[in-house]
Amino acid sequence: MERTVTVVPEDGLHARPAASFVEAAGEYDSEITIAPADGDAVNAQSMLAVTSLGVASGDDVVLTAEGADAEAALDALEAILTTPEDSA
Amino acid sequence: MSRTVTGTGATPLSDVGTVRWYRPDESLPETTDAGTPEEERANFEDAKETAREEIEAERERTRDLVGEDEAGVFDAHLQFLADPQIEASVEDGIDDGLAATAAVREAFADPIAQFESMDGMMAERADDLRDVRNRLVRILAGSERIDLSALPAGTILLAERLTPSDTAQLDPSRVAGFATVEGGRTSHAAIFARSLGIPAVVGAGAGIEDIQEGTEVVIDGNAGEIIVDPDEAVRADAASGRDVEIHTDAVETTDGVSIEVAANVGTPAEIESAVEHGADGIGLFRTEFLFFNRESPPSEDEQYEAIAETLSAFPDGRVVVRTLDIGGDKPIPYLDQAPEENPFLGERGIRRSLDSDADLFRTQLRALMRAAASEHGDGLSVMFPLVSTVDELDRALEAVDEVAADLEEAGVEWARPEFGVMVETPSAVFMAEELATRVDFFSIGTNDLTQYVMATSRENDRISYLHDPRHPAVLRAIHRIVQVGHEHDCWVGMCGEMAGDPTLLKLLVGLGLDELSMSAITIPDVKAGVAATSHADAATLASDALAATTISDITQLLNQ
């Protein structure tokens with residue numbers, strides 16, 4: 001299952017938004033990855049991998065999830081990526 | 001001989017103390033002997049658990065002291081701690097026969113190097129990783145943490161940098177100040193220093209590295225200077241601003257006139273700081289902070305909660321809430337604010353509340369009138385900013401009556417708080433009688449009042465000599481407001497920067513102000529000052545000042 005999302009938080013996927021993203025990804029059993037539009041997919045449950053993508057606000061990312069709760073996981077992660085940081 | 005190293009001042013405070021160097025990297029053990037892989041794996045698991053507990057405690061402390069935003073960095077630390085890539089890499093190292101300490105060092109080395117080679121925010125992630133790595137290595141090696149919360153009183157801490165976990169431990173009653181080689185005004189260390197009221201200079205560069213342990217230095221957070229081996233005058237000057245006793249009780253002058261000393265607040269953390277610095281209440285609660293950094297306005301309930309909570313922080317004191325004061329230099333992205341030719345003379349304060357933000361205004365009034373009926377609601381006062389005509393005040397009070405009728409009809413519990421005018425415009429000074437008959441109090445906003453009385457922009461350095469609240473024209477405006485207010489049973493306060501200037505305290509007491517409201521960190525000084533002032537002497541000074549013609553005459557009077 002795959003979904004393309006445009007990142008809204010002003011700081012992109014850095015310390016605080018990245019931490020909420022990774023934390024949420026860790027709550028699902030599915031295998032979840034995140035990839036920048038033109039790059040390789042990395043483990044969405046790894047803070048190291050997610051922050052090292054250097055995703056900025058306005059960038060598109062591709063989320064994939066494989067597993068029983070894949071759809072719920074994608075919904076939750078999309079919500080985080082499209083919520084401005086401070087009202088999260 | 002004294003010498004001075006210059007950096008960036010982080011707080012407008014100074015103090016003198018004894019240097020202690022903080023070099024956490026040097027005290028970090030290189031490695032330890034390896035046990036069996038099973039033992040090392042168990043050690044690693046235990047260390048992660050301990051680290052998690054430490055980080056959570058620091059997160060909590062940071063959130064309480066500074067706010068949720070700053071605390072968020074610890075969420076990133078928790079995620080790095082649990083990172084599957086790092087875990088896998090540590091386990092590989094242990095399988096290869098390394099001790100857990102060495103395996104942790106190896107596992108973090110590449111990611112740290114990778115982030116270090118990047119710019120800006122990514123380089124900050126290297127700091128976060130180092131912070132997490134150092135914590136794990138320290139715990140694994142069983143070495144003592146350098147306890148920054150238990151430094152001897154009067155310590156001036158010097159460090160290459162202070163990480164979020166370092167700053168979260170600092171105890172402002174012991175640390176007289178700190179200076180760092182790295183960092184800017186918006187670094188974690190600087191933000192903490194401001195929240196905790198610690199004198200600090202950041203980004204001082206290599207110049208501080210040869211300052212020896214045990215040396216006496218002055219940290220001047222205002223000038224951004226570290227003065228090594230200060231002479232007696234500099235030392236005394238720096239020390240006088242600190243170690244002032246906190247007075248939690250109300251104060252009065254030597255001849256028995258009570259002056260309320262309150263705090264101006266614009267963030268939740270400042271409310272706590274106000275309590276800690278012995279504020280009698282809140283003299284200016286800037287509701288804008290409830291509106292910033294979000295995509296839509298706060299709900300009535302959110303506003304109610306924030307106000308009721310602040311009221312309960314001062315169960316015996318007064319909380320003066322200013323209704324939404326935006327426009328001018330305070331943009332809020334989700335509100336429609338057209339660019340204006342001259343925003344400081346434009347649609348701001350009450351002007352917006354009566355027009356483009358009328359709905360927001362009513363929501364705010366509902367929240368306020370409900371809060372007035374809450375447990376400590378009898379301490380609530382509400383003031384309208386930038387009132388320049390009686391008609392504006394009448395319209396605002398009509399809105400109050402309408403909201404009251406709505407609440408009554410809906411069966412919602414409400415009460416009528418005190419209402420007042422924030423006096424900032426010359427027209428309000430001239431119309432003081434008519435305004436005073438309609439309200440319970442005046443609070444003088446000296447920054448804008450000075451700007452409008454002197455027709456001088458606050459932002460223009462070339463004419464900053466005119467933006468001086470000591471000018472006789474401003475003093476006469478203040479005097480008039482106090483006189484007229486008292487004639488009509490209004491209490492009169494002051495919530496501009498002038499109120500917290502210790503050199504003007506006697507003059508303000510003499511002018512007859514009932515309340516002075518300022519940044520929390522200056523409250524102990526002002527309370528001590530009030531207790532040492534004779535109201536009769538102050539009144540003489542004020543009457544001489546009101547008769548003066550120029551700022552230099554006033555300066556002379558103040559120096560006598």
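This is a predicted model: local features need pLDDT of at least 70, side-chain atom pairs count only at pLDDT 80 or more; totals for chains, interfaces and linings use all residues.
In chain A, four strands form an open sheet. Their order is 1-4-2-3, and the pairing is antiparallel. Strand 1 (2-6) and strand 3 (42-43) of chain A lie at the edges. Each has a single partner strand, so one side of each is left without a neighbour in the sheet. For strand 1 of chain A, five bridges connect to strand 4 (residues 60-66) of chain A, in the antiparallel sense. Within this pair, A:Thr6 stands opposite A:Asp60 in strand 4 of chain A.

In chain B, strand 3 (residues 14-22) pairs with strand 7 (residues 216-220). This pairing is antiparallel and spans five bridges. Here B:Val16 faces B:Val218 of strand 7 as its opposite residue. Strand 3 of chain B is also joined to strand 4 (residues 155-159) of chain B. These two strands run parallel, and five bridges link them. One contact between them places B:Val19 with B:Ile156, its bridge partner in strand 4 of chain B. In a regular strand, side chains alternate between the two faces of the sheet.

The relative accessible area of B:Glu106 is 55%. The cut-off for an exposed residue is over 50%, so B:Glu106 counts as exposed.

How values were computed
Residues are numbered from 1 along each chain as its sequence is written. Chains are lettered from A and ligands numbered from 1 in the order in which they are written. Side-chain values use heavy atoms; hydrogens and water are left out. Buried means under 20% relative accessible area, exposed over 50%, partly exposed in between (1.4 Å probe, protein chains only). Two strands pair if DSSP finds at least two bridges between them.
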